[in-house]
Amino acid sequence: AATPRIGDILQKLAPFLKMYGEYVKNFDNAMELVKTWTERSPQFKFIVQDIQKEKVCGNLTLQHHMLEPVQRIPRYEMLLKDYLRKLPQDSLDWKDAEKSLEIISTAASHSNSAIRKMENLKKLLEIYEMLGEEEDIVNPSNELIKEGQILKLAARNTSAQERYLFL
């Protein structure tokens, strides 16, 4: 009788994970290119917006779709951890599944940093829009450290004025 297994299959697919690694490495550059050409070329911007309106895009932006492959590896990692939790330790698939998790976890750590960068960029984009798009702060090298209410003390008198600060 055949024993259902996935650990050995995932190991055979591991070399293809390098593709995701390359994609993640180039992710920032790709996002920057989309941003640059959206600003520089009204034609490019129009075409992208037109495509994004298609039903098949599910009301998501090109950037959201670009993030999908980056999020796939952490999803594999999560599912494999869950599989190992439910798998009896004496299972024939245990060793292979553990080895697969090791391989996928390495790839996932690279993906997670790209996801954090993407979330940071999304937050910066929201702030940029809130500020009336005066100062372009949406740049992969910029990072939001903290935001919140502060009190500004006037130099001449002791009155305090409320301000909202983005650091």
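Guide: Let us start with W94, which is in contact with L84, L87, P88 and Q89 when its neighbours within four places in sequence are left aside. Contact here means that heavy atoms lie within 4.5 Å.

Visitor: Before we go on, what kind of model is this?

Guide: This is a predicted model, in which local features need pLDDT of at least 70 and side-chain atom pairs count only at pLDDT 80 or more, while totals for chains, interfaces and linings use all residues. Residues are numbered from 1 along each chain as its sequence is written, and side-chain values use heavy atoms, with hydrogens and water left out.

Visitor: OK, and which residues make up the largest nonpolar core?

Guide: There are twelve of them, namely L17, Y20, I73, L80, L84, L87, W94, A97, L101, I104, A107 and A108. A nonpolar core is a set of buried Ala, Val, Leu, Ile, Met, Phe, Trp, Tyr and Cys residues joined through side-chain atoms within 4.5 Å. Buried means under 20% relative accessible area, exposed means over 50%, and partly exposed is in between, with a 1.4 Å probe and protein chains only.

Visitor: Which elements supply at least two residues of this core?

Guide: Three helices do so, namely α1 (7–40), α3 (62–86) and α4 (94–130). The largest share comes from α4, with six residues. There is also a second, separate core of nine residues, and V24, F27, M31 and V70 are among them.

Visitor: Zooming out, how many helices and strands does the chain have?

Guide: The chain has four helices and two strands, and from the N terminus on they run α-α-α-α-β-β. These elements are DSSP runs numbered from the N terminus, where helices are H or I with at least four residues and strands are E with at least two.

Visitor: Is the chain spread out or compact?

Guide: It is more spread out than a compact globule, because its radius of gyration is 23 Å, well over the 15 Å that the globule rule gives for 167 residues. The radius is taken over C-alpha atoms, and the rule is 2.2 Å times the number of residues to the power 0.38. Along its principal axes, the C-alpha trace spans about 85 × 45 × 25 Å.

Visitor: And what share of the residues is buried?

Guide: Buried residues make up 25% of the 167 in the chain. The accessible surface comes to about 12300 Å², and 57% of it belongs to carbon and sulfur atoms. Accessible areas come from the Shrake-Rupley method with a 1.4 Å probe, and for residues only the protein chains shown count as cover.

Visitor: Let's move to the strands. Where is I150?

Guide: I150 is in strand β1, which covers residues 147–153, and it is partly exposed, with a relative accessible area of 35%. Not counting residues up to four places away in sequence, I150 touches Q161, E162, R163 and L165.

Visitor: Now the loop between α2 and α3. Is C57 buried or exposed there?

Guide: C57 is buried, with a relative accessible area of 12%. Its contacts, leaving aside neighbours within four places in sequence, are I51, Q52 and H65. N59 lies in this loop as well, between α2 (42–52) and α3, but N59 counts as exposed, at 75% relative accessibility.

Visitor: What is the phi of N59?

Guide: Phi of N59 is near 60°, which is a positive value in a residue other than glycine.

Visitor: One last stop, then: is Y128 buried or exposed?

Guide: Y128, whose place is in helix α4, is buried, with a relative accessible area of 16%. The C-alpha atoms of Y128 and T3 are separated by 55 Å, and the two residues are 125 apart along the chain.
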